[in-house]
Amino acid sequence: MSEFIQQIINGLSVGAMYALIAIGYTLVYGVLRFINFAHSDVFMVGSFVGFYSGKALGGTSWAGGLGVMAASMVGCALLGILIERLAYKPLRSRSKLTVLITAIGVSMLLQNVGQLVFGANPQPFPDTLPATTFQVGGVVVSSKDLVVLGFTLCLLGALEYIVLKTKVGTAMRAVAFNPQAASLMGINIDWIISFTFGLGSALAAAGGFLWAYKFPKIEPFMGVAPGLTAFVAAVLGGIGNITGAALGGLLLGVIETLVKGSRWSTWTEAIAFVLLILILLFKPAGLLGRVQAEKV
Amino acid sequence: MSLPTAVRRRVFLGVAVAALIAAGCKPSGGGAGTGTDIPVGEFASLTGSEAAFGRASHNGTVLAIEQLNAAGGVLGKQFKLITEDNQSKDGESATAVKKLISRDKVVAILGEVASGRSLEAAPICQQYKVPQISPSSTNPKVTEMGDYVFRVCFVDPFQGTVMAKFAAKTLRAKKVAVLTDVGAPYSVGLGTFFKERFVADGGTVVAEQKFTKDDKDFKAQLTAIKSQAPDAIFVPAYYGQVTLIVMQARELGITVPLFGGDGWEAPELLQGPGAAAALEGCYFSTHFSPDQDSPRAKEFVKAYEAKFGAKPDAMAALGYDSALLLSDAIKRAGSAEPEKLRPVLAATKDFDGVTGKMTLNDKRNAEKSAVIIGIKGGKFVYTETVNP
């Protein structure tokens, strides 16, 4: 029994990071109706910004760690806005396929420039946040797991607040619902789209920082595998739906961990994808559907 | 497809210029050993996830070639080393080796460390009848690919036996768990050989868990292993993931020693916050230790330190030996023709390398001793030598 609880904790902690990335996919999809495949590489850049600022800062403390995470979130928000302005905005009136292929191009660009700038070899991530482990019954809980889960929940709460309670959030939802009408109502669409990219990229950066904190070896291709899983999580939860993406991420994390810990460990990805196909067969719009009022 | 005239002209010009450049770039010597130098091809993982191996092995090879050339080369000719980087990626090695053979006309191929990537190159070397000498691929399948494939290291059945005996005798382990990387032939092979020997000697393998190359989270597998309470955990994987595995094991409260094979040996193993502390008391088997007490090894360590400012590890020593063996074979054959080199390489007996005396057996594998290294006080410490 304690082994099962331990696996659930392991799974939730990985799933929380999938959730953070998945929300970025879902946010952009909600507003622009396209999958930003460069998202998983913004995640990578986020962990590298954390790597350099963490090294510059040195030491291990809560305040320092939070500062490093904030730095990578701000850095990646700017990067996300820049990518949108340079690569996607000129193509906004073109077909969705053009933008999709451009996104794949941006993703490769980030990976390869990353290889030139950061180097291709895995680098050890500095300890920025303190870490301990404690035992509850037969279950070992690492403070890393709690930090990752806690941060994810806080960021999710903040995001829900922004989207549902603030003026910007209302504008985002309006743009998602009908861009023309929103523009006629005096909403600056360009600004809202930039804001959405910035927000999504900041979440990816937070995910990247937490990922590196938990698995302290980072390299320019580190975004590919978690990015793919997070994309599946976003579709699983119902793409365009924030709560759905978070739920999908946590669910995939737990399922992956349970399969990995069993004797079918090499089937992990196959099982995750079969599950995705099954859910989409019975619920084509994903777990939480798509036609919801607070769609973003 | 019709193109506008201007474009067509430009395309034509482009082709003509490319042809001219290609003609100008042809090796002036033209072919194996007829020119003033002997072209030797090397493919290595200079970047990417196993870059520490590739760079160490490459440094060793470079040092050997430099020393050989400084001593006058062989048959009155100088060696010319041509190196291709496969970025530690699957699929790149085949392209690199094809290029080395067909464009650079190399007389032999040196490489690789990872068995998976040596296995990619072997069929090509066999097809073109160019000898391949792998410095440190230990999976038996590598030389089974054909009679043009050789190696200067021992094979995994021997390494598995060494570690099985070590686990039973030195670690006094009766129950062992095995965690393998199913994406790497090296890992799968070594895991199997270890298990066969350990079970044959009366031990029990209580858990067998698997992961794949891109995995970063091993807590699921480690939690399953922990519930079986093993006395030690055998992890035949590469250093990049070993660090994460050991750290996560300690986080889960697993205190027993973890141990593995030569895939562990890289300075990067101990890098990162908390890595050295987590690895304290762990062991791995390998081919060479700079602390080894042999005059040949000491001389090599001195030269290597002078050139690269760091102590050589096993990969560097084997990279060095692979180039020395090639030079020795060319001298014995009296020719650098790839097809004349093959029988001479196969007949290598008591060749004196820095990693010890080696004889190539009928399967073209080196028979030689292994070294066990322990991690103590954040350093690699020579523990014992095991003879075949």
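Biologist: In which loop of chain B is B:R364 found?
Modeller: This is a predicted model, in which local features need pLDDT of at least 70, side-chain atom pairs count only at pLDDT 80 or more, and totals for chains, interfaces and linings use all residues. Residues are numbered from 1 along each chain as its sequence is written, while chains are lettered from A and ligands numbered from 1 in the order in which they are written. Helices (H or I, at least four residues) and strands (E, at least two) are DSSP runs, numbered from the N terminus. B:R364 is found in the loop of chain B between strand 12 (356-360) and strand 13 (366-367).

Biologist: Does B:R364 count as buried or exposed?
Modeller: A residue is buried if 20 or more other C-beta atoms, placed from the backbone, lie within 10 Å of its own, exposed if 12 or fewer do, and partly exposed in between. B:R364 has 23 C-beta neighbours inside 10 Å, and therefore counts as buried.

Biologist: What is the phi of B:R364, which is not a glycine?
Modeller: Most residues other than glycine have a negative phi. B:R364 is not a glycine, yet its phi is positive, at about 65 degrees.

Biologist: B:A229 has a positive phi as well; is B:A229 buried or exposed?
Modeller: B:A229 is not a glycine either, and its phi is about 45 degrees. Its place is in the loop between helix 8 and strand 8 (232-234) of chain B. Because 12 other C-beta atoms lie within 10 Å, B:A229 is exposed.

Biologist: Which residues is B:S137 in contact with, leaving aside its neighbours within four places in sequence?
Modeller: B:S137 lies in the loop between strand 4 (132-134) and helix 5 (141-144) of chain B, and it counts as buried because it has 29 C-beta neighbours inside 10 Å. Two residues are in contact if their C-beta atoms, placed from the backbone, lie within 7 Å. By that test, the partners of B:S137 are B:E112, B:V113, B:A114, B:S115, B:S118, B:V142 and B:R151.

Biologist: How far apart are the centres of the two domains of chain B, domain 1 and domain 2?
Modeller: The bounds come from an automatic or database domain assignment, which gives domain 1 (37-154 + 293-368) and domain 2 (157-286) in chain B. Taken over C-alpha atoms, the separation of their centres is 28 Å.

Biologist: Which helix of chain B supplies the largest share of the side of domain 1 that touches domain 2?
Modeller: In chain B, 17 residues of domain 1 are in contact with 16 residues of domain 2. Helix 2 (51-70), helix 4 (115-128) and helix 12 (314-333) of chain B each supply at least two residues of the domain 1 side. The largest share, three residues, comes from helix 4 of chain B.

Biologist: Which helix gives the largest share of the side of chain B that touches chain A?
Modeller: The contact between the chains takes 29 residues from chain B and 24 residues from chain A. On the chain B side, strand 7 (204-211), helix 8 (219-226) and helix 9 (239-251) give two or more residues. The largest share, five residues, comes from helix 8 of chain B.

Biologist: How do the residues on that side of chain B divide into nonpolar, polar and charged?
Modeller: Ala, Val, Leu, Ile, Met, Phe, Trp, Tyr, Cys and Pro count as nonpolar, Asp, Glu, Lys and Arg as charged, and the others, Gly among them, as polar. The side of chain B that touches chain A divides into nine nonpolar, 14 polar and six charged.

Biologist: In chain A, how are helix 1 and helix 9 oriented to each other?
Modeller: Axes are lines fitted to C-alpha atoms, for helices over the stretch in contact, with angles from 0 to 180 degrees between N-to-C directions. Angles under 35 degrees count as roughly parallel, over 145 as roughly antiparallel, 65 to 115 as roughly perpendicular and the rest as oblique. In chain A, the axes of helix 1 (residues 2-32) and helix 9 (residues 224-237) come within 8 Å and cross at roughly 70 degrees. Helix 1 of chain A and helix 9 of chain A are therefore roughly perpendicular.
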